[in-house]
Amino acid sequence: MDHRSAFFPDPTLGVAALDGGGRITAWGGAASAILGYDAEAVVGRNAAGLLASHGDRPAVLAAARRCRMGESVRDTLSTRHRDGRRVELMVRAWPVVAGAGETHWHTFFVEVVKVRRWDTDRAVIEGLFVQAPIGLAVLDTRLRFVRVNDALERIHGLPRDRALGQRVSALFPGPEADRMEDRLRQVLETGEPMTTEHRNWTAAAGEGHQGWSITSFRLVDPCGTVLGVASAVIDVTERNRARDRLTLLNEAGEHVGTTLDVTRTAAELAEVAVPRLADYIAVDLLRGIALGEESGPGPVGGGVVLRRAAVRSVQAGAPEASYPVGELITFHPATPQARAMATGSPVLLSTLEGSEEWLATTATGPPR
């Protein structure tokens, strides 16, 4: 490769070197792509005469004079492309004294439109890391965290100082973290983005199931060197809960009430509810209803007898059940079952504190 075309390896920037008379001595980087001239067409020619149009030449010559006075130049200059159109460049030039005492200039330049794009991209990236509620992580090629934002710090539930330099498997040991690293490694090796969903794998998973949608993609610099992988993490907990509720309603509509047998309907209700809605369920029917009789309208007073129609648990044998299926029960008036029948409204107990009395006095009903 011609040393002049490899003078500066960054393909996003143009580079040129000029001698004391303003003649081009080296031409490389993105110079050809930006201005349309290859090295053979420009080396040895006067830069101002070749690249500056008549109207823009005074500004170019003024920048050259500043360089001759030993100043570094950082300016926006309009130049002429090989096809005749004007190209606005951000130019950075500084003088270099050669071995014989002659002054040369090294110059880097880039299109102003790209500078503006870089500024916008940088602002977007900083906004994502500082303001956005989306969790962001950058990992190196060894899958170690090198940057995380505030949102991800909250999601992880641990300070970023503990995360930086660590791998996912070190922070959250377990099979799920190992699977996540395998997926990150696949993204790193193939360059194909990947979106996955995880539940309850973070230290911050507090109440119920938390869900996170994670999109990972490879990071590559302008020269094609792989830098690592980045992940964007979005909280999808509420979306998952809404989807689970809809799924539960759909399954209840399909599987509950398939016959006119109320006892079978109670069993179907229990089958749908566990484990989707609860870990344990007991369905108790008024004694007459269980025998096929009709119930009158309105709430039911205390002291009424119910028959246990169905029981289901996530544990084998339903060890939580105080009464077996078919048992007759008279619930104490203070129990949530009796209160719900008396008021016609649901009753939710977040704790069993203070329930010792009705737990001890709720009794098996009269003989069947």
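## Cavities

In this predicted model, a search of the whole structure finds 3 cavities of 30 Å³ or more. The second largest cavity holds about 60 Å³ of space. Its lining consists of Met 180, Arg 183, Leu 184, Met 194, Thr 196, His 198, Ile 214, Ser 216 and Ser 231.

Three elements each supply at least two residues of the lining of the second largest cavity: helix H9 (175-190), strand S8 (194-199) and S9. By class, the lining of this cavity comprises 4 nonpolar, 4 polar and 1 charged residues.

## Ser 213 in strand S9

Strand S9 spans residues 211-220 and contains Ser 213. The relative accessible area of Ser 213 is 14%, and this residue is therefore buried, the cut-off being under 20%.

When neighbours within four places in sequence are left aside, Ser 213 is in contact with Thr 195, Thr 196 and Glu 197, and also with Ala 232, Val 233, Ile 234 and Val 236. One of these contacts, Thr 196, is also among the residues that line the second largest cavity.

## The second largest pocket

The second largest pocket contains about 520 Å³ of space. It is lined by 27 residues, and those nearest its centre are Leu 18, Ala 47, Ala 48, Val 60 and Thr 107. Sorted by class, the lining of this pocket has 21 nonpolar, 5 polar and 1 charged residues.

Both helices and strands contribute to this lining: at least two residues each come from strand S1 (14-18), strand S2 (24-29), helix H3 (47-51), helix H4 (57-68), S3, S4 and S5. Helix H4 provides the largest share of the lining of the second largest pocket, with 6 residues.

## Helix H5 and its buried side

Helix H5 comprises 19 residues, 112-130, and reaches 27 Å from its first C-alpha to its last, which is close to the 27 Å expected at 1.5 Å a residue. The buried residues in H5 include Val 112, Val 115, Gly 127 and Phe 129. These residues lie on the same side of H5, because they cover an arc of only 165° around the axis. In general, an α-helix has 3.6 residues a turn, so residues three or four places apart point the same way.

The cover over the buried residues of H5 includes strand S3 (73-80), strand S4 (86-97) and strand S5 (103-111), together with strand S6 (135-140), strand S7 (145-148) and helix H6 (150-156).

Methods: Residues are numbered from 1 along each chain as its sequence is written. This is a predicted model: local features need pLDDT of at least 70, side-chain atom pairs count only at pLDDT 80 or more; totals for chains, interfaces and linings use all residues. Side-chain values use heavy atoms; hydrogens and water are left out. Helices (H or I, at least four residues) and strands (E, at least two) are DSSP runs, numbered from the N terminus. The expected span of a helix is 1.5 Å times one less than its number of residues. Buried means under 20% relative accessible area, exposed over 50%, partly exposed in between (1.4 Å probe, protein chains only). The arc is that of the directions from the helix axis to the C-beta atoms. Contact means heavy atoms within 4.5 Å. On a 1 Å grid over the protein atoms alone, a cavity is a set of points where a 1.4 Å probe fits but cannot get out, and a pocket is an open set with protein on both sides within 12 Å along at least five of seven lines; lining residues have an atom within 4 Å of a point. Grid points are joined across faces, edges and corners, and a volume is the space filled by probe spheres set on the points. Ala, Val, Leu, Ile, Met, Phe, Trp, Tyr, Cys and Pro count as nonpolar, Asp, Glu, Lys and Arg as charged, and the others, Gly among them, as polar.
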